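Reader: Could we go through how the chains pack together here? Please show me the model before we start.
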2 protein chains.
Amino acid sequence: MDIFEAINSRTSYRGSYKSSPVPREHLTRIMEAGLAAPSGCNKQTTSLIAVDEPKLLKELLSMIEPPICSTAPAVICVLTQRICAYRDKCFSVQDYSAAIQNMLLAIKALGYESCWYEGHITDDDNIGARLAKRLGVPDEYDLVCILPVGIADEMTTHPKKKSFDERAWFNGFKKTGSFKEEPKCN
Amino acid sequence: MDIFEAINSRTSYRGSYKSSPVPREHLTRIMEAGLAAPSGCNKQTTSLIAVDEPKLLKELLSMIEPPICSTAPAVICVLTQRICAYRDKCFSVQDYSAAIQNMLLAIKALGYESCWYEGHITDDDNIGARLAKRLGVPDEYDLVCILPVGIADEMTTHPKKKSFDERAWFNGFKKTGSFKEEPKCN
């Protein structure tokens with residue numbers, strides 16, 4: 001799939017999924033896409049666990065209240081390590097977010113839908129920590145997000161977004177620029 | 001360009017750029033790709049300013065010490081607003097990181113190189129704040145990253161990364177899974 005098509009057609013899908021399993025080859029390609037994202041000072045703070053074993057998946061999803069993506073045939077759990085890139089500077093949130101965005105695009109390109117479930121997992125009730133424990137994840141990793149992977153069983157929708165001119169400008173805050181104003185070289 | 005090709009060929013380019021200007025149409029497509037990224041509760045906390053006016057660009061880049069991307073014919077400045085998605089939960093770092101990753105892929109797909117310059121801009125010497133002031137950005141926005149856009153004048157290189165098995169697993173921490181172990185449906 002063309003990169004711009006993937007970027008523009010991707011959306012956050014919260015509907016139910018068809019039961020068709022996701023081949024390991026696809027889960028691997030999706031995770032490879034995630035790991036190909038850049039990371040601050042190449043610290044590679046993001047790790048991933050795909051869950052496709054039906055019994056384990058059911059058990060994990062039953063731990064999430066209120067339920068999300070309960071019909072997904074596979075999920076990818078995103079783990080992060082708070083490693084400093086240099087001095088006290090840590091870019092682990094940026095690192096895993098870039099990895100997630102790559103995976104969301106790869107998921108779309110392979111014909112699946114997904115949704116970035118983070119707030120629900122990292123909220124005060126610590127669902128992420130309980131999922132991590134069940135998966136044998138050591139304490140130095142945090143499980144911060146799950147991405148369902150599966151074929152949509154309902155229509156996808158796109159949320160309303162602000163216009164380009166409300167969020168993107170040229171050469172100054174709120175300065176709009178048309179294609180016709182080609183930059184002149186000095 | 002195919003999405004997987006863009007994901008796998010993208011790299012952080014820190015070399016010099018050819019002087020050829022970047023058409024406004026391309027800068028617009030790159031920023032549109034950034035704005036198409038998801039954001040927590042659709043709060044759209046990320047805004048962008050492309051700088052391609054040669055005099056202004058030179059002035060901005062001269063404010064960055066030690067210098068970075070000083071030969072780039074255009075840069076995109078990434079602005080963020082710390083808006084809560086719900087309660088006290090703010091996902092603005094995740095939001096702008098997803099937008100940056102989309103833009104890095106779009107930049108690559110259009111034949112340019114770039115690099116995610118964030119630590120250099122947000123460090124204790126507050127370069128980002130000074131760039132923002134020069135661009136007329138109000139206080140409620142933070143300028144957190146600049147992305148150069150231009151045609152590479154040197155070879156691109158890829159940093160060494162850990163293997164897949166060191167960072168991605170199936171159904172448990174450090175459990176490897178081959179393509180042949182297809183998931184069975186219960």
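Author: Between them, chain B and chain A bury about 7300 Å², and 58% of it lies on carbon and sulfur atoms. Buried area is the accessible area (1.4 Å probe) that two parts lose on being put together, summed over both. The model is predicted: local features need pLDDT of at least 70, side-chain atom pairs count only at pLDDT 80 or more, totals for chains, interfaces and linings use all residues, and side-chain values use heavy atoms, with hydrogens and water left out. Residues are numbered from 1 along each chain as its sequence is written, while chains are lettered from A and ligands numbered from 1 in the order in which they are written.

Reader: Where does the salt bridge of B:Asp123 lead?
Author: B:Asp123 pairs with A:Arg87, with the closest N and O atoms 2.6 Å apart. B:Asp123 sits in the loop between helix 5 and helix 6 (127-134) of chain B, and A:Arg87 in the loop between strand 3 (84-86) and strand 4 (89-90) of chain A. Helices (H or I, at least four residues) and strands (E, at least two) are DSSP runs, numbered from the N terminus. A salt bridge also joins the side chains of A:Asp123 and B:Arg87 (2.6 Å, N to O).

Reader: Changing topic, which strand of chain B does strand 6 of chain A join?
Author: Strand 6 (residues 168-170) of chain A is joined to strand 1 of chain B by three bridges, and the two run parallel. Strands pair if DSSP finds at least two bridges between them. A:Ala168 stands opposite B:Leu48 in strand 1 of chain B.

Reader: What rotation superposes chain B on chain A?
Author: A rotation of 180° with 0.0 Å of shift along its axis does so (RMSD 0.0 Å), by least squares on the C-alpha atoms of residues with pLDDT of at least 70 in both. That is the relation of a two-fold axis. The same surface serves both copies, as 100% of the contact residues of chain B recur in chain A.

Definitions and conventions:
Salt bridge = Lys/Arg side-chain N within 4 Å of Asp/Glu carboxyl O. Contact = heavy atoms within 4.5 Å.
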